[in-house]
Amino acid sequence: MENYFIFTDEAGAYQKRPSDAHIRSHPFYIRSNVIMSINDYRQYQIAMQRINGEYEIPFDEEIKWSDLWSKTKNNPRNTLIEHMSAERLKGYFCKVLKTATELESTAFMFTITDIVGRTCHLKPETVYAFHLQDAFQRIQMDMGSDDFATFIMDELNYGTIKQIKAVCHEVTIKGDFVKYKNLYQGVLIENSLYSPGIQLADYVAGIMNGYLRRNILSPGNFQFAMDLYNEFISPKLRHHALGNICGYGVIDIPKKTPFRPQLEQVFDKTI
């Protein structure tokens with residue numbers, strides 16, 4: 001019997017009918033899921049306290065993936081980021097990811113919606129629900145008969161959180177083609193400031209965002225995200241026994257759009 005936390009966070013901002021300006025800033029909507037056994041998370045939480053001490057990060061502050069972008073644009077979010085060099089920030093991300101991925105149970109899964117190709121025209125609340133439902137399905141499939149998993153996500157605005165919690169509870173109670181016997185019946189909410197797990201989910205969502213931009217939109221750019229993906233994300237990405245990633249560790253939302261072949265070209269071209 002094993003108990004797991006699934007930390008989930010987002011990168012990008014979904015809109016049903018995005019403007020060109022919105023698409024330039026948010027070509028994809030990505031939700032990351034970081035899987036970690038509770039025992040491994042206990043070790044990770046202790047390690048993060050040590051790492052934050054090493055980097056002199058106060059207990060009431062956190063590092064966000066977007067801080068690296070704001071640093072390069074000379075628009076730091078706060079004085080903590082202002083006084084950290086870009087190289088030191090990169091070193092922090094590398095150390096955090098190395099620490100997390102050295103734990104045996106750590107695994108990553110992503111649900112992704114194409115915004116740049118305008119292949120999705122669903123309401124935002126429907127898209128959010130589909131992202132979480134697909135993650136629920138995969139996690140339930142991976143659970144042993146006596147295992148148990150709890151999803152934990154960052155705080156959003158009250159209205160969105162209320163909708164998401166209601167949908168997640170309904171899905172796990174009623175089921176779909178999956179019976180959710182091994183999942184907490186809903187999703188728990190936590191402020192990322194207090195959760196190294198949610199902070200990690202923020203980092204890996206940002207890395208995936210950069211990796212997709214490089215491989216689909218901007219070849220040659222986003223080198224740091226590419227390097228982190230190759231070193232830390234790829235070896236821990238959920239996949240089929242034959243190696244396929246699409247549909248397993250990277251899931252397109254909604255299904256059956258022209259976006260799926262693009263993802264297959266990026267992730268499964270060597271299969």
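**Reading these views.** Throughout, buried means under 20% relative accessible area, exposed means over 50%, and partly exposed covers the range in between, using a 1.4 Å probe and protein chains only. Please keep in mind that this is a predicted model: local features need pLDDT of at least 70 and side-chain atom pairs count only at pLDDT 80 or more, while totals for chains, interfaces and linings use all residues. Residues are numbered from 1 along each chain as its sequence is written, and side-chain values use heavy atoms, with hydrogens and water left out.

View A. Helices (H or I, at least four residues) and strands (E, at least two) are DSSP runs numbered from the N terminus, and two strands pair if DSSP finds at least two bridges between them. Angles run from 0 to 180 degrees between N-to-C directions, with axes fitted as lines to C-alpha atoms and, for helices, over the stretch in contact. The open sheet has six strands in the order E5-E4-E1-E2-E3-E6, with mixed pairing. At its edges lie strand E5 (188–190) and strand E6 (250–252), each pairing on one side only. On average, neighbouring strands are turned by 25 degrees against each other, direction ignored.

**View B. Strands E2 and E3, with helix H10 across them.** Strand E2 (residues 28–37) and strand E3 (residues 107–114) run antiparallel and are joined by eight bridges. Look for Ile-30, which stands opposite Ile-112 in E3. Helix H10 (residues 259–267) lies across E2, E3 and E6, where contact means heavy atoms within 4.5 Å. This helix runs at about 165 degrees to E6.

**View C. Strand E4 and its parallel partners.** Strand E4 (residues 148–154) is mostly covered, with six of its seven residues buried. Strand E1 (residues 3–11) pairs with E4 in the parallel sense over six bridges, and Tyr-4 stands opposite Ala-149 in E4. E4 also pairs with E5 in the parallel sense, here over three bridges. Ile-152 has Leu-188 in E5 as its bridge partner.

View D. Leu-188 itself is partly exposed, at 32% relative accessible area.

View E. A salt bridge is a side-chain nitrogen of Lys or Arg within 4 Å of a carboxyl oxygen of Asp or Glu, and the count comes to 13. Arg-118 pairs with Asp-20 in this way, with their closest N and O atoms 2.8 Å apart. Since Arg-118 lies in the loop between E3 and helix H6 (124–142) and Asp-20 in helix H1 (residues 20–25), the pair ties together parts that are 98 residues apart in sequence. Lys-255 and Asp-134 form a salt bridge too (2.7 Å, N to O). Lys-255 lies in the loop between E6 and H10 and Asp-134 in helix H6, so this pair ties together parts that are 121 residues apart in sequence. Lys-255 is partly exposed at 37% relative accessibility, whereas Asp-134 is buried at 9%.

View F. Arg-260 and Glu-264 form a salt bridge, with the closest N and O atoms 3.2 Å apart. Both lie in helix H10, four residues apart, about one turn of the helix. Arg-260 is partly exposed at 24% relative accessible area, and Glu-264 is partly exposed at 34%. Elsewhere, salt bridges that share partners join Asp-134, Arg-138 and Lys-255 into one network.
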